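Here's a quick briefing to get you oriented. Have a look at the structure first, then we'll walk through it topic by topic.

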Amino acid sequence: MALGRPRELAQNAEFAEAAGRLLPEARLNAYARSTGIDLRTAPSGLIAGFDYATWYMAELRSGHEVVEQRFAARLLHDATVESPHPSLRRLSGMVGQTPETLLISRGHWVAVAVGDPSPARIAEAFARRRLRRSPPALRGSALAKLPGHLEQAPLRFYAPGPFEGEWAHAARGLLARSLAVGIAATPAPEGALNACLVLAGDFADLGAEAEPRIQGAWEDLSQSSTGTLLGLRETTGPARVRATSEHIELCVALSLTALTRGLHAAVSADAWELLDVPKPQNPDRSHLPVQKR
């Protein structure tokens, strides 16, 4: 689950400039026109991935009618519209071959479940106070083990355990002992991004071995091909580690420019950007053979 405070991040000039490589103004404008939601003004939002669905949620105080209209316009057939409560509105239908469900809490938030509608049903039940005995995600049995100070960061990532299969070997075996993982990131002066990784679990028997093991895991990652691509070697100082019987924490100041440049190269860069050569301008194709029919 990834959570963030987009408006706060957009108001940070250095972060906004660096993030513009990944999310240029034209793309954000197009998204706002298509959905009725301007991510640059949303106080908070989240994306949660499940085996059966993806859940998107954004805090939105007004403009719910526009969001509903834009969502309904994307559906292949007439939407199924229900109002289970005076302040709640639910629309569902098919976008392509995928079911999608929009849930609106007027004056508060909007959310979309892509795939199985179960996340929308659960959110609706919480909104109607029908799950009083069920804890929210960050207070659940796994994620509740993470320290609360992570919630102060404007950009966060959470993953509950247990971590099995290949994941159990990650971080030099530390994930196998972990109940949950949390990552918090905060923009810092001079183009830095302060990032902290926290593992929650039972590490009592590791003793003094815990800190060098997480330090070694960071060195493995930063020196790998993925770490090189993402610029993880470009830091303003060495990683800081701290370990207790219940938490292992690693914090490092990354280069925001290097990180966003690497993410851009990984997900959306063109060939000339990857090769660091000038973009071709209207290449002459007159020498190419013409196929006659």
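Searching the whole structure turns up one disulfide. Keep in mind that this is a predicted model.

**The disulfide**

- The two partners are Cys196 and Cys251, with 2.1 Å from S to S.
- This link brings together distant parts of the chain: Cys196 sits in strand S10 (residues 192–201) and Cys251 in strand S12 (residues 247–255), 55 residues apart.
- The link of Cys196 and Cys251 is right-handed, with 115° about the S-S bond.
- Are these cysteines buried or exposed? Cys196 is buried, at a relative accessible area of 17%, and Cys251 is buried too, at 7%.
- Both get that label because buried means under 20% relative accessible area.

- Start with strand S6 (residues 98–105), which is mostly covered, as six of its eight residues are buried.
- On one side of the pairing list is strand S5 (residues 88–95), which runs antiparallel to S6 and is joined to it by eight bridges.
- Across that pairing, Met94 stands opposite Pro99 in S6.
- S5 and S6 make a hairpin with two residues between them, and Gly96 in the turn has a positive phi of about 65°.
- S6 also pairs with strand S7 (residues 109–115), again in the antiparallel sense, over six bridges.
- Here Thr101 has Ala113 in S7 as its bridge partner.
- The hairpin of S6 and S7 has three residues between the strands, and Gly107 takes a positive phi near 80°.

**The nonpolar cores**

- As background, nonpolar side chains in soluble globular proteins tend to be buried together.
- The largest nonpolar core has 27 residues, and the ones touching the most other members are Leu199, Trp218, Ile248 and Leu254.
- Which elements each supply at least two residues of this core? They are helix H2 (13–19), strand S9 (178–188), S10, helix H6 (210–222), S12 and helix H8 (256–267).
- S12 gives the most to this core, with four residues.
- Setting aside neighbours within four places in sequence, Trp218 is in contact with Leu232, Ala239, Leu250, Val252 and Leu254.
- Another core, of 20 residues, lies apart from the largest one, and its members include Trp55, Leu103, Ala113 and Ala153.

Conventions
Residues are numbered from 1 along each chain as its sequence is written. This is a predicted model: local features need pLDDT of at least 70, side-chain atom pairs count only at pLDDT 80 or more; totals for chains, interfaces and linings use all residues. Side-chain values use heavy atoms; hydrogens and water are left out. A disulfide is a pair of cysteine sulfur atoms within 2.5 Å. Buried means under 20% relative accessible area, exposed over 50%, partly exposed in between (1.4 Å probe, protein chains only). Two strands pair if DSSP finds at least two bridges between them. A nonpolar core is a set of buried Ala, Val, Leu, Ile, Met, Phe, Trp, Tyr and Cys residues joined through side-chain atoms within 4.5 Å. Contact means heavy atoms within 4.5 Å.
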